[in-house]
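I opened the model to look up a few places by hand. My entries follow in the order in which I made them.

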Amino acid sequence: MPQLEASPAIDFHTETYKDAYSRINAIVIEGEQEAHDNYVQLAELLPNEKDRLISLSKMESRHKKGFEACGRNLEVTPDMEFAREFFAQLHKNFQDALPEGRIVTCLLIQSLIIECFAIAAYNIYIPVADPFARKITEGVVKDEYSHLNFGEVWLKEHFEESRTEVEQANRQNLPIVWKMLNQVKDDAHILGMEKEALVEDFMIQYGEALSNIGFTTRDIMRMSAYGLVAA
Amino acid sequence: MFGLIGHLTSLEHAQAVARDLGYPEYADQGLDFWCAAPPQIVDTIKVTSITGQQIEGQYVESCFLPEMLANRRIKAATRKIINAMAHAQKHGIDITALGGFSSIIFENFNLNQITQVRNIKLEFERFTTGNTHTAYIICRQVEQASKKLGIELSKATVAVCGATGDIGSAVCRWLNARTDVPELLLIARDRDRLEALQSELGRGKIMGLEEALPLADIVVWVASMPKGVEIDPTTLKQPCLLIDGGYPKNMGTKIQHPGIFVLNGGIVEHSLDIEWKIMSIVNMDVPARQLFACFAESMLLEFEKWHTNFSWGRNQITVAKMEQIGQVSVKHGFQPLLSF
């Protein structure tokens, strides 16, 4: 993303940076771990898509290892407890939907919301990352587009019968995402990532996904901003 | 397919439009929300040329607001423009005009250095500032409106405020080469650029605004700023033709004085109705017919299939290019606005 005013060079080795990084890095590691687990579980619900989903889950595992290396490179210990707590509500909503066979909700949470957020965050992070993490993240973000595509294609093919559930799951989960973002906005700022840029990139990516699935501009403007102001 | 990147004129205006269009999520929000809002395609447009040819276009609302500049939210402002451009390109639009402040922000903040936006490589040849057509239309307004008012160009003093800008310098070149205007007054902030323009033209007096305005029979205002400048109409000549080619346009409402004729500059009227909703939103007097000349440039480039950044960079506009766009402007039925 554009950086116009000459941004002060970031020192990746200060205690302030490493402290913020310990939480952001943990979130990314936990996010990739949960994505792995979610795709494995989705494979059980969608046996016809099993091979594809298992291959996606393996990619997420590789991403996790990459981000663990980023933490080690800066000699930062990721705060995994913080990260598990951070994802707890989204994780619970996914786990509640799973035994009830609510595939649409599961796909919306993992394949749309989480992937769009990951794409937005990685794209904003790349220009301000340390050289090691930049290389890793550039590789990861390319994969994430294909994960998003899986959810888009499936939901597009089942658009008519799933749109009510998509809207419902959107109402249930998007406000949680805004709260999660607020929780880490100060840490993200220390890493050179601005909240409003993250929100904008997320809304662009998520809006595109909803459009590809079949929603209209009017639906998208309503759905992608849902709960943003209240958060 | 052509495109227009536009924006609303103020936060208050944006809130009212969002309410009217039925977007409550956007209607009641403050500047922070708009700073994070993504671009949207909000209108599709059909234009018919007087040759009978039909084209289609899309209107991209960038969600930029002038308050972002006034409040130094520069990063947000530049994100709006770059993201709107990426949005237009992603939707397969062949040629898109950067309207209102979009091209000004693009130039001022050197956004040409940004070529990669997420997974999109921006192709600048798909965009135009529309400034060549705007400059051409302003010049035609000078020529035709002065005639209507009985001001003889061969005896007139013309002051150009914002003379060193992309549009201002083009207007100076045209007036120098294509008219017999005896006196050109050049007004701008940057002395070095003024001197460069003066030596290029081989003429023109460099003057301050307050000193120049009382001498001018015609004032061409092409400076763009988030907040306008107060002009005292009692200091102007009578009659005086004031062409408001800046952005935003607010002179018509501010200056109401006998003998002072304010014309909205850089506005064209099309000979046939255009099918769109957006021009009533941006407060045109005759929304189905009137539009910014920069927008019309992307329509002309689409009619002619000149899918190229016809107007790009700063101070590149030649009289020959103004003539070229002028010919197709007339061919397809666009005329300069001449009603006060």
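Entry 1, terms. I count two strands as paired if DSSP finds at least two bridges between them. Helices (H or I, at least four residues) and strands (E, at least two) are DSSP runs, numbered from the N terminus. This is a predicted model, and I use local features at pLDDT of at least 70, side-chain atom pairs only at pLDDT 80 or more, and all residues for totals for chains, interfaces and linings. Residues are numbered from 1 along each chain as its sequence is written, while chains are lettered from A and ligands numbered from 1 in the order in which they are written.

Entry 2, strand 12 of chain B. I looked up the partner of B:Trp221 and found B:Asp244, in strand 12 of chain B. Strand 11 (residues 218-221) of chain B runs parallel to strand 12 of chain B, and four bridges join them. Strand 12 of chain B also pairs with strand 13 (residues 260-264) of chain B, in the parallel sense and over five bridges. There B:Ile243 stands opposite B:Leu263.

Is strand 12 of chain B mostly covered or mostly open? For burial I count other C-beta atoms, placed from the backbone, within 10 Å of a residue's own: 20 or more is buried, 12 or fewer is exposed, and in between is partly exposed. Strand 12 (residues 240-244) of chain B is mostly covered, with five of its five residues buried. One side holds B:Cys240, B:Leu242 and B:Asp244, the other B:Leu241 and B:Ile243, and both faces are covered.

In chain B I traced an open sheet of five strands in the order 2-3-1-4-7, with mixed pairing. Strand 2 and strand 7 (127-128) of chain B are the edge strands, each pairing on one side only. Strand 1 (residues 2-6) and strand 4 (residues 95-98) of chain B pair in the parallel sense over four bridges. B:Ile5 has B:Leu98 as its bridge partner in strand 4 of chain B. Helix 13 of chain B packs on this sheet and touches strand 1, strand 2, strand 3 (54-61), strand 4 and strand 7 of chain B. I call two residues in contact if their C-beta atoms, placed from the backbone, lie within 7 Å. The direction of helix 13 makes about 165 degrees with that of strand 4 of chain B. Axes are lines fitted to C-alpha atoms, for helices over the stretch in contact, and angles run from 0 to 180 degrees between N-to-C directions.

Strand 14 (residues 267-270) and strand 15 of chain B pair over three bridges in the antiparallel sense, and B:Val268 stands opposite B:Leu291.

I picked B:Glu302 in helix 13 of chain B. Is B:Glu302 buried or exposed? B:Glu302 is buried, because 22 other C-beta atoms lie within 10 Å. Not counting residues up to four places away in sequence, B:Glu302 touches B:Phe2, B:Ile55, B:Gly57, B:Asp94 and B:Ile95.

I found 24 residues of chain B in contact with 18 residues of chain A. On the chain B side, helix 2 (24-27), helix 3 (31-36), strand 2 (40-48) and helix 5 (74-90) each supply at least two residues. Helix 5 of chain B gives the most, with seven residues. Of helix 5 of chain B, 15 of its 17 residues are buried.

A:Lys156 lies in helix 5 (residues 131-157) of chain A. I count A:Lys156 as partly exposed, because it has 13 C-beta neighbours inside 10 Å. Its C-alpha atom is 4.2 Å from that of A:Ile213, 57 residues apart along the chain.
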